[in-house]
Amino acid sequence: MATLRRLRQVPRHLLVCEKSNFGHDKSRHRHLVETHYHNYRVSFLIPECEILSKELKNLVKETGPYYFVKNLPLHELITHEFINTFVKKGQCYALSYNTNIDEDNTVGLLPNGKLILSLDKDTYEETGLQGRPSHYSGRKIMKFIISIDLMDLSFNLDSKKYRRISWSFREKKPLKFDFLLAWHHPGVEESALMSYFAHYGIREHQPEVAARTVADLRCPVLQRGEPCGRPEAACSAPELLDWLGAVFAGAELNNEPNNFISAYCCPEPSTVLAKAYLCTITGFLLPEKICLLLEQLCRYFDEPKLAPWLTLSVQGFADSPVSWRENEHGFQKGGDHLYNFVIFNNQDYWLQMAVGANDDCPP
């Protein structure tokens with residue numbers, strides 16, 4: 001019975017909301033986008049829109065490429081050549097693929113040069129490297145975190161520390177992973193990663209794009225100065241986030257008695273949009289590309305529009321070892337770490353950041 005009660009419990013989630021303006025000097029929007037490293041899905045919704053502008057269409061097409069390589073030895077990410085070619089020049093991202101953060105060994109490379117390893121107890125002990133217990137291990141510690149600063153190592157590749165790490169990954173406990181990889185260096189061919197790992201059978205991928213126009217969509221009424229909502233006048237930011245999730249999932253929002261799939265309906269007060277443009281991009285998506293998309297969406301209101309607001313939502317990989325910056329990320333019952341912008345036509349915005357039970361508070 002105790003197990004059944006635990007299964008019925010709704011997992012704890014933490015949602016942080018803030019409001020600001022893109023023109024404010026102290027606006028944190030760019031920093032928060034740039035430090036959410038491993039992004040899986042980007043979605044935006046534009047009310048009263050049927051066709052995207054040429055600029056937005058081009059940005060959506062240019063969110064790739066990224067790369068997939070199977071059975072890549074971990075020691076390849078700490079070589080002198082890799083660090084000098086990719087880590088020191090531009091922003092390099094890597095994430096182990098098809099590894100479960102709560103069960104398996106997982107690895108993430110961050111653009112600041114930090115290599116983060118989340119290892120089970122046996123693997124951690126076999127590496128012989130120094131780390132720390134996971135914050136979410138419980139009483140019996142079964143997961144450990146190792147953080148390796150590749151930028152620091154690169155200054156002295158003859159040091160005892162570098163030799164020990166290299167020996168560990170090459171001989172003592174050789175580890176291999178399937179990796180997603182991406183590299184951002186303006187002015188340099190992104191295919192350099194393809195050439196570098198050619199002998200490992202690396203493959204290039206482009207993000208998948210799904211776009212559609214929805215007619216007669218019932219949506220919440222918002223007032224930009226009321227993120228907490230106001231009875232009978234405006235819906236709150238959390239209510240909007242729930243509604244967005246239902247819309248992008250394709251759920252019916254009418255709560256009809258014969259609908260046995262979803263009992264959800266649009267929060268009140270609401271209005272009906274004649275049409276709305278929905279677009280979802282899925283892949284290994286870089287913060288730099290998301291920043292460009294956010295900037296272009298802000299320019300949408302440079303000319304008068306019927307829509308008073310639009311949204312941009314970003315979901316992180318559920319099994320990434322970090323959420324924001326180097327904050328440890330866990331899965332527990334969901335693995336959520338996401339953020340959502342509500343962009344108003346005067347450049348005000350609401351920013352919502354959500355994480356699950358095994359995460360620190362968003363920054």
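A residue is buried if its relative accessible area is under 20%, exposed if over 50% and partly exposed in between, with a 1.4 Å probe and protein chains only. By that rule Phe 144 is buried, at 11%. This is a predicted model, in which local features need pLDDT of at least 70, side-chain atom pairs count only at pLDDT 80 or more, and totals for chains, interfaces and linings use all residues. Residues are numbered from 1 along each chain as its sequence is written, and side-chain values use heavy atoms, without hydrogens and water.

**Aromatic rings**
- The whole structure holds 21 aromatic pairs. Rings of Phe, Tyr and Trp (its six-membered ring) pair if their centres lie within 6.5 Å; planes under 30 degrees apart are stacked, over 60 edge-to-face, the rest tilted.
- Tyr 124 and Phe 144 are stacked, because their centres are 4.2 Å apart and their planes at 0°.
- Tyr 124 sits in helix H5 (residues 121-127) and Phe 144 in strand E8 (residues 143-149), 20 residues apart.
- Tyr 124 is buried too, with a relative accessible area of 13%.
- Ring pairs join Phe 82, Phe 86, Trp 183, Tyr 196, Phe 197 and Tyr 200 into a cluster.

**Whole chain**
- The chain has 10 helices and 15 strands. These are DSSP runs numbered from the N terminus: helices are H or I, at least four residues, and strands are E, at least two.
- Buried residues make up 51% of the 363 residues.
- The C-alpha atoms fill a box of roughly 65 × 60 × 40 Å along the principal axes.
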